[in-house]
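Visitor: I'd like to learn how to read pockets and sheets in a protein model. Could you walk me through one?

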Amino acid sequence: MQLLIRQITAGILLSALTGTAATAQQTSSIYRQGWIDFNKNGRKDIFEDPVQPAERRIQDLLSQMTPEEKTCQMATLYGYGRVLKDEMPTAEWKTKVWKDGIANIDEELNSLPFNKKAASKYSFPYSRHTEALNTIQRWFVEETRLGIPVDFTNEAIHGLCHDRATPFCAPIGIGSTWNRALVSQAGHIAGREARLLGYTNIYVPILDPARDPRWGRVVECYGEDPFLIAELGKQMTLGVQSEGVAATLKHYAVYSVPKGGRDGNARTDPHVAPRELHQIYLYPFRRVIQEARPMGVMSSYNDWDGVPVTGSYYFLTELLRQVYGFDGYVVSDSEAVEYLFSKHHVAADYKDAVRQAVEAGLNVRTNFTPPEEYITPLRELIKENRLSMKTIDSRVADVLRVKFRLGLFDKPYNDPAPADKGVHTTADEAFALQLNRESLVLLKNDHETLPLDKGKLRNILVTGPLAAASTHAISRYGPSNNPVTTVLDGIKTYAGKDIRVQYAKGCDIVNPGWPGTEIIPTPPDSSEQASIAEAVKLARQSDVIIAVVGEDEKRVGESLSRTDLSLPGRQLQLLQALHATGKPVIAVLINGQPLTINWEQQNLPAILEAWFPGPQGGTAIAETLFGAYNPGGRLPVTFPKSLGQIELNFPYKPGSHADQPSSGNNGYGRTSVNGALYPFGFGLSYTSFSYSNLVVTPQKQASQGDIHVSVDITNTGKRKGDEVVQLYLKDLVSSVTTYVMQLRGFERITLQPGEKKTVHFVLHPDDLSILDRNMNTTVEPGDFEVLIGTSSEDIKLRQGFTII
C-alpha cells in the first residue's frame, strides 16, 4: 500500500511537469485496488484484470488499439545518449511518436561504457535508477491513451550493462569454466540486478558457435561446440528468467561465420551446408528455446544461402515458432531491417524492407535511429494495404504476450528500496572472482614451473603490454565504472613485501603500421628496441619473468576480425629476447580468440590462458600463478597451429582435419602442418587424475530409451583440484556421414588429494539423433561408442552399446 501511495504521489508530481491539475487527478485515480485502469475509462476491462487468462487480455487490448498504437509496439526507442535526448520525460514527449506507446526502451540511463553522452546522474545510486525508470514507465502508463507499459531492455553478456553492476569475465571465459552451476548463478545475478534496477529484458546469452577464430566476436561466445553452448546457454537463460526478467537470445542465426571470418562491413555469405546449419548453428537455439522458454530472440543481419535472416519466413516463423515453439518476441539486431535494402539488395527500397521483415516474422525493429524512421513507413504500408492488419495484430500480440508474462500490466513499477542492498553485493563480488578463477586454462607447465614458490623467490619481473592494462576488463556490453585490478597489481599484492616485483612494459600491444606489418614486416624502431632492452635488463636481475601478452579490446571484438592470429606487434620479439636471458618466462595470455602461439608453446615453460578477465582478473591470475588456486578450466575452442588450417574446430567430419599418416595408403600429407596446437576441451592442472570403472547401461536399448553412464574419477596428486570429465559419443555406422565424435556430456568436479567420485551421465534419444538423408531427425539402429576423457583428444576409457 505504501508503494502504491508513492506511485500515486509521483504520478501527481509528473503531471505537474506534463499536464494540468485535472490530468493529475485523472492519473491518480487509475490505480485501483488490485488493478490499474490503463485506458482510463473508469471500468475494469478484460486486459486490466489480473485473473483473466493472458490470451483473453491480449485480444481485448488489441481490439482497443489503433494502427498508430499497434505500430508503436513494433519499435525500439534507444535510451539516453543514443536516441533519447532527455533523461526524464518532458512536455515535448507529447509531440513524439511514442505518445502512442513504444515496445521497449534499450539501455536507458545505464551510463554505457565508453559513451560519454550516455553518462547519467540517474544510473547510481541504484535506487535512483529504479526511481528514474519508474518515472519513465509512469509517463507511458499515465500519459498515453492505453497506458501500455514499456519493456526496459539492456545488454548483459559480461554481466548487466549498467553502472557498477556485478562484472563477469568475457563469455569465452565463461565457456572455459565448463561449469553449469556457475553459469546458472551468473544468470541469477544478472537477472536479479536487472529486476532491482528496473530492467525487464536483457540480451543474453549469445548462442553463436565460434567456428572461425579470425572472427572478432569469438570473445563474446561460449565456444565452438554446439552442445557446450546449449548446456551453458540453457543455464544462463533459466537463471535470468527465474528472476522475473526476460532473456533474449543472440544472434539468430548463422551469424558467427561470415565469409573468411571477416566482420565489419562484410556481414554476409556464411558458407554453411543445410545439415551443418541445423546440427551446429541452430542446435543451441533449438535446445535453449525448447528447454528454457526464453522470452526473446534477436534476429541477425546476415543472410543464409542468399536469404537475409531478418527477412526470412523460414527462419523467423517456420523454424522459430512452428518447429521450436518459441512464443516470445523477435527483436532485430541493429540495422538488420535496413540491410535488406542497403546491403543485401533484396528490397527495392527501405519501405519494402520493412514489409519483408514484418511478413517474415519480425516483431520489433531496433536501430540507433529514431523509432519513427521505422514506424512511419510501417504505417504507410498499412494504409496502402501492403501489410495486412492480421499480420500486424499477430506481431503486436507477441510483444504484448511478453509484457503480460513479465507482469508489467499487474505491477509496472519497482520498489527502489531493495536496489541499493541487492545490486553488486559482497557475495556477488566473491562470485565474480570465482568465475574469473574457473575461467583460467593452464596450457603448459613443464617441470612444474607453476605454481611459483614464494619462499624461493626474491625478484620477479612483470612485463608485457597487458601487465598494467585495464580496459580489456570493461566491455561495451557489460558493467562500467568498477575498479580494475591489473595483473601487475594482483601480483604485487600477492607477492607481499618480501618479494621485489619490478615492471617494464617491454612493448606496446601493436607496432606502428600494424596490421600491415603482419604482411610486410618492419624492424623495430629505436624506441621499440629501447623498450625491449629495458625489460631484458630487469629480466637478468629476476628469478622469474611473468610476461602478460595478447590482445586488448581494440584488437578483438565486434567488427574487429583479424587476418593473423599470432601475437600482434613486437610481443613475440619481446618474449624471444626475455627467453634468451635464460630465466624462466611464464606467459599469461590476455586475448579474445585462439592464437597461433607455436614458438611460445615450444620454448616457454608455462602458459596460462586468461582470456578477457573481469575487473578482478588480476587477483585470480596472481592466486593461480602462486598456487592459492589450482586452475581447472578447459578450452571451449580449438587452437590451430596455422591460419592455413582454418577451419579447424570440433566437432569435425572424418578426414576433414587432414590427419592422414605420412606413409601407406593415402599417406602423403607432408606438405602441411597437421593437428591442433591445443585441442577442444584441453586444460592442465597442478594435480593429476585417474579414470576407472566405466559402466554403460543397458548394453542394448530401444531408440526411445535413455542410456546411463557412470565413471569413477580419483585425484591421484597432492593438491585439491578440479577435473572436467568429458563424455563424447561416436556413431559407428550411419546413413549419412556424421562427426567423428560429439560432446554429449560434461561435469566439472572438485576432488581433494586421494578422493574418488563417481560421475553420472544420461544420454537421451536427442543426444543420439541425426538428420538422415531426407533431413528427418531420427535415432538409427546400430552400434555406438561412449568415450570418456580429459579432452577431445585425450580419451581415457571407451565402451560400446547398441540401439535396436
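Visitor: What volume does the largest pocket have?

Guide: Rolling a probe the size of a water molecule over the atoms shows where empty space is left. Here the largest pocket has a volume of about 580 Å³. A pocket is an open set of points on a 1 Å grid over the protein atoms alone, where a 1.4 Å probe fits, with protein on both sides within 12 Å along at least five of seven lines. Points are joined across faces, edges and corners, and the volume is the space filled by probe spheres set on them. This is a predicted model, where local features need pLDDT of at least 70 and side-chain atom pairs count only at 80 or more, while totals for chains, interfaces and linings use all residues. Residues are numbered from 1 along each chain as its sequence is written, and side-chain values use heavy atoms, without hydrogens and water.

Visitor: Which residues lie closest to the centre of the largest pocket?

Guide: Arg217, Glu220, Arg476, Tyr477 and Glu558, out of 36 lining residues; lining means having an atom within 4 Å of a point. Domain 1 (44-422) and domain 2 (440-645) each give at least three residues to that lining, with bounds from an automatic or database domain assignment.

Visitor: Now sheets. What is the order of strands in the open sheet of three?

Guide: Strands of a sheet pair through backbone hydrogen bonds, either parallel or antiparallel. In this open sheet the order is β18-β20-β23, paired antiparallel. Two strands pair if DSSP finds at least two bridges between them. β18 (689-697) and β23 (756-763) are the edge strands, each with a single partner, so one side of each has no neighbour in the sheet.

Visitor: How many bridges join β20 to β23?

Guide: Eight, with β20 covering residues 707-715. For instance, Thr714 has Lys756 in β23 as its bridge partner.

Visitor: What box do the C-alpha atoms fill?

Guide: Roughly 85 × 65 × 55 Å, taken along the principal axes.

Terms used: Helix = DSSP H or I, 4+ residues; strand = E, 2+ residues; numbered from the N terminus.
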